[in-house]
Amino acid sequence: MAWLRAATGVVLFTFLVTHFLNHALGLHSLAAQEAGRAWFLLLWRNPLGTLLLYGSLVIHWILALRSLYRRRHFRLPRWEALQLLFGLAMPPLLVPHLVGTRLAWTLFGTSDTYARVVSVFWMFDPAAGVRQIALVAIAWTHGCMGLHFWLRLRPWYPRAARTFLVAAVLLPVLAVLGFTEAGKETARRAREPGWLDVMVRGPDTRSPADRELQERVRERLLAAVGGSLALVLLAGAARRLRARRGGVVRIAYPEGRRAVVPVGFTVLEASRRAGIPHASVCGGRGRCSTCRVRVGEGAELLPPASAAEIRVLTRVGAAPGVRLACQLRPTGDLSVVPLLPAGVDPAAALGSAAPGAGREQEIVVLFADLRGFTRIAERRLPYDVVFLLNQYFAAVGGAIKRSGGVANQFAGDGVMALFGVDSGPEDGARRALAAAREIVLSVRALSATLAEELRAPLRIGIGVHVGPAVVGRMGFEETEYLTAVGDTVHVASRLEQLTKDYAGELVVSEEVARRAGLDVSALPRHEVTVRNRREPLAIRVVADAGALALPARRGGEPER
Ligand code: FES
């Protein structure tokens, strides 16, 4: 339905633009306004234009009532509340104008020329003129807000926004100025003998009975608008009452926050109702993806994602277990982690952020650590320690680079590297295993080179895991670099530490081996517990990573 709302909104907004441009011609003269009106009528008073305009008006109103009915609470962000309020305020202001112009013309042939309509507003019914200006302001603001929140997800929008803003301010101002100038001109011309009779009273072909009928139509239309609104509000309240009897779900957020809401609420609605800040650039319309959450406990009870939700999640490359909070209506208790900060910029929506600006994706993380380095460093001059570490980092960093990884952290004697950032987790897993073998061989070669300096060969432990992580450029100024944060990183680090317990050079999660297509039948299997995971993690231990038989690459080409 979002597309229908947008399409009808665009039609109505186009009508407003052409109407305002026509009004603005009053800055030149009443005659210019009348000439512009001929084009305006050509556009909107043919059968197709009429169908498009009034069809859009009715559909837009019905869609507004529908979303009002479906709303489970009214705790809205300020901009959304304002847009909703303006949308609801429009019909009562619009009906009298519509009945007095288009309907009077259709039913009684009353001409709604600028001279006549402006004279009425300017000289005979100034209150109606003020109402008209209020309608202009409300309709325009509502339309601009709708367009802004619809278009701001487009990558080109930030460049065009300034121009749009200028136009958004200028156009209604010019329209009101044009209307004012036309008003002054009608007041002047009204002093000319016979002008009012010819220009204002003459075109009004209505009989008293016609006027009565017109008044009845106006009242009925206003009653229909008010009645439909009241009915929908009542039906919505009854729906919310019924939903409360259907039980509640408890949603746990990080830092111990909780929301308890009736079944049927979306996770985003639950966050809003509980006052938990939650990103929602598109206002919960399932378009921007900024509300996405990683579901922890309770994931097995969730209703499946709709095709539209899957489409958006696929577009941002979301990892398994990630859902759109504005589309997800849990039926049982669950825990969620919002993945984007509440005040996220629209540029983060739909993956339109600049490369490295931060996104959640599946990656492969490798940790490597030199065994017993403290002992090696003992009784060595600082210069020797730095020299040794730099040789070691060059060997490890070179192996990672040659395998297509990104070595992004050198801390103490440990190294962290990312694989598959651009190429995906399967490719990343193969490259990470290739890197592990290269690292071991390079460190052995380094040991051989430094044999005279070392009491024992250098030994290394490597852990590799695959999973979702937030990947982006982090740090400050020149220390900013591409890195990853999340449980996957912690698990990879823990696997590296497990190499000590299992006396191996490499510990990989079975998931990495599976993604890489590695034959693990000969590798010892263990199950370990890791944080934030209820199920134990299956791992494989490689005693001699230098002899690791890597699978062939796709297409049969043997791995280097
Ligand atoms: S708020 Fe935009 S997709 Fe959920």
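What is the relative accessible area of R329?

Reply: The relative accessible area of R329 is 31%, and R329 is therefore partly exposed (buried means under 20%, exposed over 50%, and partly exposed in between, with a 1.4 Å probe and protein chains only). The model is predicted, with local features needing pLDDT of at least 70 and side-chain atom pairs pLDDT 80 or more, whereas totals for chains, interfaces and linings use all residues. Residues are numbered from 1 along each chain as its sequence is written, and side-chain values use heavy atoms, with hydrogens and water left out.

R329 forms a salt bridge with E269, in which the closest N and O atoms are 3.7 Å apart (a salt bridge is a side-chain nitrogen of Lys or Arg within 4 Å of a carboxyl oxygen of Asp or Glu). E269 belongs to helix α10 (residues 267–273), while R329 sits in the loop between β4 (322–323) and β5 (334–338), so the pair ties together parts that are 60 residues apart in sequence. Helices (H or I, at least four residues) and strands (E, at least two) are DSSP runs, numbered from the N terminus. E269, with a relative accessible area of 15%, is buried.

The structure has 26 salt bridges by this rule. One of them joins D427 to R431, with the closest N and O atoms 2.6 Å apart. Both residues lie in helix α14 (residues 425–449), 4 residues apart, about one turn of the helix. D427 is buried at 17% relative accessible area, whereas R431 is partly exposed at 29%.

A further salt bridge brings together the side chains of R525 and E510 (2.7 Å, N to O). R525 is in strand β12 (residues 525–528) and E510 in helix α16 (residues 510–516), so this pair ties together parts that are 15 residues apart in sequence. R525 is partly exposed, with a relative accessible area of 41%, and E510 is also partly exposed, at 22%.
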